[in-house]
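I want to look up how one chain is built and what it does at the contact with its partner.

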Amino acid sequence: MFVGAGGSQQVHDYNPGEENGLFWTVPIPSNSVHLDLEDATAALALSNFLIDDYGSVGNAISGGKEIGTALLSMHIRWGGSARRFNVVNGGLPTPFRATGFTTGATMSWSAVETIGGVTHTVKGEKNEADFGLVARERNGVFFAQNDDDQNDDGGNGD
Amino acid sequence: MLDTACKMEVVADGSGDGSTIRDFKGQIGVSEFPPTGAASDPFFGGKFWAADVRFMKGVFVGRDNARHRGTFAFI
């Protein structure tokens, strides 16, 4: 979140950190995500998800301490303006291939945050993404795999 | 500690691998929101928000070299 237009004067940076060995990536309940690739639509919903606030990206990336903790709720919908794509890149250290759709997306969120013992609510009103995609992907050891087992790619949750 | 492999290639404009989990196959969603969203912040007075949020739902190879099924979000 920023005080200034265009992304200046950042005051909040919500991310889950890297303590689990992943870069700002955390497990979430399988029913938080719904994707219909035939319709090029998807949704992600999280409610009261515990997350740190590092204040700024710079502080987060440089290993700084969090300024507060928050219960984050968000809702993202992918859909509209669908364009099919198929990409294969075998030249990366982790090669990947993906097929799906670029789409529009909308998101709104709120966070109940405690900073210095004071709890308050921060809200992000609904906004449109400037980029979205939904896809089926394979990377790394699965890159060269040819089978397309629908039951083995996330369709049945975890 | 999760038995997952991590990946540091995060491509901001979605032109690269959208997954932040490597040795992964499954469903992904990527969304990039510009710093134009209206926000209300009684603590610091923030007025705008931006975000890069992704999901990955599928099968991955963990640090134990075994396959696992999971759902993840990059926030």
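Predicted model: local features only at pLDDT ≥ 70, side-chain atom pairs only at ≥ 80, totals over all residues.

I started with burial in chain B: of its 75 residues, 56% come out as buried.

Next I looked up the secondary structure. Chain B has three strands and zero helices, and reading along the sequence gives me the pattern β-β-β.

Then I checked the sequence range of the contacts inside chain B. I took those between residues at least 6 apart in sequence, and 44% of them join residues at least 24 apart.

On to the contact between the chains. How many residues does each chain put in? I get 62 residues from chain A and 58 residues from chain B. On the chain B side, strand 1 (24-40), strand 2 (48-61) and strand 3 (67-74) each supply at least two residues. Which strand of chain B gives the most to that side? That would be strand 1, with 17 residues.

I also sorted the side of chain B that touches chain A by class. My tally reads 29 nonpolar, 17 polar and twelve charged residues.

Strand 1 of chain B pairs with strand 9 of chain A, residues 118-128. The two run in the antiparallel sense, and the pairing goes over two bridges. I wrote down one bridge by residue: A:Gly124 has B:Ala39, in strand 1 of chain B, as its partner.

So much for today's look-ups. For strand 1 of chain B I now have two entries: the 17 residues on the side touching chain A, and the antiparallel pairing with strand 9 of chain A.

How values were computed. Residues numbered from 1 in each chain as written. Chains lettered and ligands numbered in written order. Contact = placed C-beta atoms within 7 Å. Helix = DSSP H or I, 4+ residues; strand = E, 2+ residues; numbered from the N terminus. Nonpolar A, V, L, I, M, F, W, Y, C, P; charged D, E, K, R; others polar. Pairing = 2+ DSSP bridges. Buried ≥ 20, exposed ≤ 12 C-beta atoms within 10 Å, placed from the backbone.
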